[in-house]
Amino acid sequence: MPADYLVISTSLNPGSNSRIMAQRAYELIKKQEKSEYLDLREYPLPVCDGDAAYEDPNVAKLSNKIKAAKLVLLAVPIYNYSFSAAAKNLVELTGQAWNDKTVGFLCAAGGKSSYMSIISLANSLMFDFRCVINPRFVYADGSAFKNDALYDAEIEKRIEELVKSSIALAGSSTVLS
Ligand SMILES: Cc1cc2nc3c(=O)[nH]c(=O)nc-3n(C[C@H](O)[C@H](O)[C@H](O)COP(=O)(O)O)c2cc1C
């Protein structure tokens, strides 16, 4: 059954911090009917070439799941003052599937200075695909994690706020469209 609420972990790192936040967000969101957690490691994707890569079966699988959802929470690593190439590749390959989604972000970074790095992804989803972006995004640096677990009450609270406000936003944007 297609899910209304998707949480996608885009880090390919086995010891990922953004995945820890994605899993926490999913624990909260799965109380809603029809929710699903996706780990990009389980859907290996070709690099987008604007051509044959679109024929990969995992592209169709992910596109269909994104298309069917009304809310997508994306957990992303921050690389080079931007979001990771793997996350960008996902968006490039699934393109129009993002039309009219409500989108929220959980960003994991090494330090505090890259906190605006998600802006270009937010902009492209907003302008290309008319997504409604939840401004209540989560940004956590390495100090929020210890022994492969979230260890920061403020980040925990922000994840809860992100989930709660995203569900509300997804409901109201459905009414508007
Ligand atoms: C190639 C690369 C580039 C990175 N660039 C940045 C950066 O610009 N700013 C930053 O704060 N951290 C940067 N980091 C640190 C990562 O954001 C950090 O390791 C984070 O935990 C990655 O998310 P993940 O653990 O979910 O994979 C970089 C790490 C790598 C491997």
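Predicted model: local features only at pLDDT ≥ 70, side-chain atom pairs only at ≥ 80, totals over all residues.
Two strands are said to pair if DSSP finds at least two bridges between them.

**View 1. Strand S5 and its partner S7.** Three bridges join S5 to strand S7, which covers residues 138-140, and the two strands run parallel. Within this pairing, Ala-108 is found opposite Ala-140 of S7. S5 itself spans residues 102-108 and is mostly covered, since seven of its seven residues are buried. The burial concerns both faces of the strand, with Thr-102, Gly-104, Leu-106 and Ala-108 lying on one side and Val-103, Phe-105 and Cys-107 on the other.

**View 2. Strand S5 with S3 and S6.** S5 is also joined by seven bridges to strand S3, residues 71-79, and these two strands run parallel. Here Val-72 stands opposite Val-103 of S5. Two further bridges connect S5 with strand S6, residues 132-133, again in a parallel arrangement, and in this case Thr-102 stands opposite Val-132 of S6. Together with helix H4, which is formed by residues 119-129, the strands S5 and S6 make a right-handed β-α-β unit.

**View 3. Tyr-139 in strand S7.** Is Tyr-139 buried or exposed? The residue has its place in strand S7, and its relative accessible area is 13%, which is under the 20% limit, so Tyr-139 counts as buried. Along the chain, Tyr-139 and Ser-117 are 22 residues apart, while their C-alpha atoms are separated by 9.8 Å.

View 4. Strand S1, residues 5-9, is largely enclosed by the rest of the structure, because five of its five residues are buried. S1 pairs with strand S2, residues 35-39, in the parallel sense over five bridges, and Val-7 has Tyr-37 of S2 as its bridge partner. Five bridges also join S1 to S3, with the two strands running parallel, and in this pairing the bridge partner of Leu-6 is Val-72 of S3.

**View 5. Helix H1 and the unit to which it belongs.** Helix H1 is made of 13 residues, numbered 17-29, and reaches 19 Å from its first C-alpha to its last, which is close to the 18 Å expected at 1.5 Å a residue. Which residues of H1 are buried? They are Ser-18, Arg-19, Ile-20, Met-21, Ala-22, Arg-24, Ala-25, Leu-28 and Ile-29. With S1 and S2, the helix H1 makes a right-handed β-α-β unit.

View 6. A polar side-chain atom of Ser-18 lies 2.5 Å from an oxygen atom of the ligand, whereas for Ile-78 a backbone N or O atom lies 2.5 Å from an oxygen atom of the ligand. In Asn-80, a backbone N or O atom lies 2.8 Å from a nitrogen atom of the ligand. Of the 630 Å² of accessible area that the ligand has on its own, the protein covers 70%.

Key. Residues numbered from 1 in each chain as written. Heavy atoms only, no water. Buried < 20%, exposed > 50% of the residue type's maximum accessible area, 1.4 Å probe, protein only. Helix = DSSP H or I, 4+ residues; strand = E, 2+ residues; numbered from the N terminus. Right-handed = clockwise from strand over helix to strand, strands pointing away. Expected span 1.5 Å × (residues − 1). Polar contact = N/O pair within 3.5 Å; in protein donor to acceptor, adjacent residues only side chain to side chain. Areas by Shrake-Rupley, 256 points an atom, 1.4 Å probe, with all protein chains shown as cover.
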